[in-house]
Structures are given as structure tokens and as C-alpha cells.
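Colleague: I have a few labels to check against their definitions. Please walk me through them.

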Amino acid sequence: GKEALSNVKILSYQHKPVRQDPHLSELKVLYSSNREGKAAARPCRHLPQSATKVLDAPGILDDFYSHPEIGHRKMSRDAASQRQLRNLRGHSGRIGALAWHKHILSSGCADAEVHQHDVRVREHLVGRMTAHSDLVCGLDYNSEGMLASGGNDNMVCIWETPTAESPVHTFTEHQAAVKALKWCPWQRHVLATGGGSADRQICLWNVSSGRLLMSTNAESQVTGILWGEQERELLTAHGYSRNQLSLWKYPSLVKVGDLEGHEGRLLGLAQSPDGALVCSPSADETLRFWRVFTPTSPDKALAPSNKANTNTILKTIR
């Protein structure tokens, strides 16, 4: 009867399941695809307090548009012997950026053009891209051969293939030159870009839809961007006034922390093949090496030879 029912305890869920919103943002979809169930509590992120190694690099030019490894001419060299193989001519100004895709070397220049060079053939110039109106200072390919180019005209152009005649997307949200850009290694259609001193923004783009996913104010010019695949993070290089490296969570762009030590503007970033070691060239005429990320391959992280190989890389740099 009623008295018996009154003594029965009713169980209910404290956290009721939530119906999925059909209007989820693209960023939330990207974020959710990288999670498996409820995220476990993560230990506090350890950041290196100083560089692993510091090398002198006299003569590095304090120029936002310069890359330490390139100049006015494109020269193909044999990696083992350091012997010059050939010159690739065609531009009418200083070279601002280089990027490889298979046998194609792409070069951006002060003449506002991107040239495509097939290094296998004598007549190497096989394509010209002319969407920019000023110096092209940033280039990067994703795994599918899609090219992103950034320029002193504050534009980012997305080219579907190395032979494309016009960009599929043109992003104009930045308010300064875009030298720093890098494709996400695990989300092949996500691109990260950073603007110069009049902009100071870090942006994430979905190039499939042509939409801006997220942006944040870095508070200083952005001169380089790299990804940490294991940690799902971005590392950015900066200029005035702190000349630091900054680490950001993906996709929220919440800052994790800063790596400091340089006394001059950072001119870019380079990353070891396993992704763990990062090199930052600076106008203070030093190269600093930082152990920031976990190697991309778990086998490499566990292998005793991995540390030895990394040390060999550091010892052989002159």
C-alpha cells in the first residue's frame, strides 16, 4: 500500500546525460575528437627552466623578415658532403621563406611571388603564385600537399596544391605581417598563424570551411610556431619586449607558461625529427636548444639510443 511505498528509496542520477547540441561549434567538435571519455587529472606541466645547450651564432641579423638559413639565392646542397649542387634562380628580390613538398621546393620572395621549383629537372621553375601584394615571409605544407603562405601584406593564402593558380582561401584578419604559420600534425586541415608587432595575435583556422576557430593576444610579435603532438600544444617564438618562447594548450590557446633566456628578438623556431628538441635562433647571436616535448614515437622515448642520438645532433652543430 501507500505506507510500503513511502519506505522505498528512489535512486536517481546526480549527473544526468546531456543531449548533444546539434549546433556545436567546429572548435568543440575538434576538441571532443581528441578526448576519450572523461579526462583524467594530469600532472602539472613541467617546463625547462633553461636551455639544454647554448651555441654562439655571430652575425645573425636582427630582422623580423629574415630566416637564418636563407638569403638572396636558393642553393641546393648535399646534406652529407655539404657540397653545393645547384642554384635556383628566378626571383627578383630577397628570399623570405622556403618549404618542401616531395620534389617541389617552394620559395617566397620580396617580389610578392611564390615560385615552385622541381629540383629533378633542368628547367626547375614549374609554377608561380601571385596572390600576395608584398613580401612573402612564411610558407608551410601539410601532409596532403596543401600550401599556406603568409605575407607582409597581412594576408594568409591557402593553396590546394603546389600547382594551384589561385588560393582556395584568403584570410585577412591579421593586422600585421604573417611570418609564423604551421599546420597541425594530427588535424591536417587546422592551421596556426601568428602576426607581427602591430597584430600580436595567434589564430587557429579550419581551412576546410575557411573559418577562424580561435584566437588569442600573445602580447608581442610572433616570429615562429611549432606543434607538440604528444602534449597537444603549440610553442610560439616572440620578439619585443620579453623575447620569450610561449607554450599554449590546444585548442583553447590558454597559456601554459614561458621559456626565457634570450636577450634579443627570436627569429624563428626549428624542431628535431622526433619533435622533442626545439632550437630558437635569436638576434642576441645565440642558438638555444630546449627539451620541450615528448618524442612523437613512444618507441623513441623508451629507446636508450634516443638520448644518444639527440646528443650527437647537438655535438655535430658548429
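**Labels and their grounds**

Modeller: T193 counts as buried, because its relative accessibility is 0% and buried means under 20% relative accessible area (exposed is over 50%, partly exposed in between; 1.4 Å probe, protein chains only). This is a predicted model: local features need pLDDT of at least 70, side-chain atom pairs count only at pLDDT 80 or more, and totals for chains, interfaces and linings use all residues. Residues are numbered from 1 along each chain as its sequence is written, and side-chain values use heavy atoms, without hydrogens and water.

Colleague: Where is T193 found?

Modeller: T193 is in strand 13, residues 190–194. Strands are DSSP runs of E, at least two residues, numbered from the N terminus.

Colleague: What does the side chain of T193 make a polar contact with?

Modeller: The side chain of W205, at 2.9 Å. The definition asks for a pair of N or O atoms within 3.5 Å; within protein, one must be able to donate a hydrogen and the other to accept it, and residues adjacent in sequence count only if both atoms are side-chain atoms.

Colleague: Which residues does T193 touch, not counting those up to four places away in sequence?

Modeller: Among them are V156, H174, I202 and I225. Contact means heavy atoms within 4.5 Å.

Colleague: How many bridges pair strand 14 and strand 15?

Modeller: Six, in the antiparallel sense. Pairing takes at least two bridges found by DSSP. Q201 stands opposite N217 in strand 15. Strand 14 and strand 15 form a hairpin with four residues between them.
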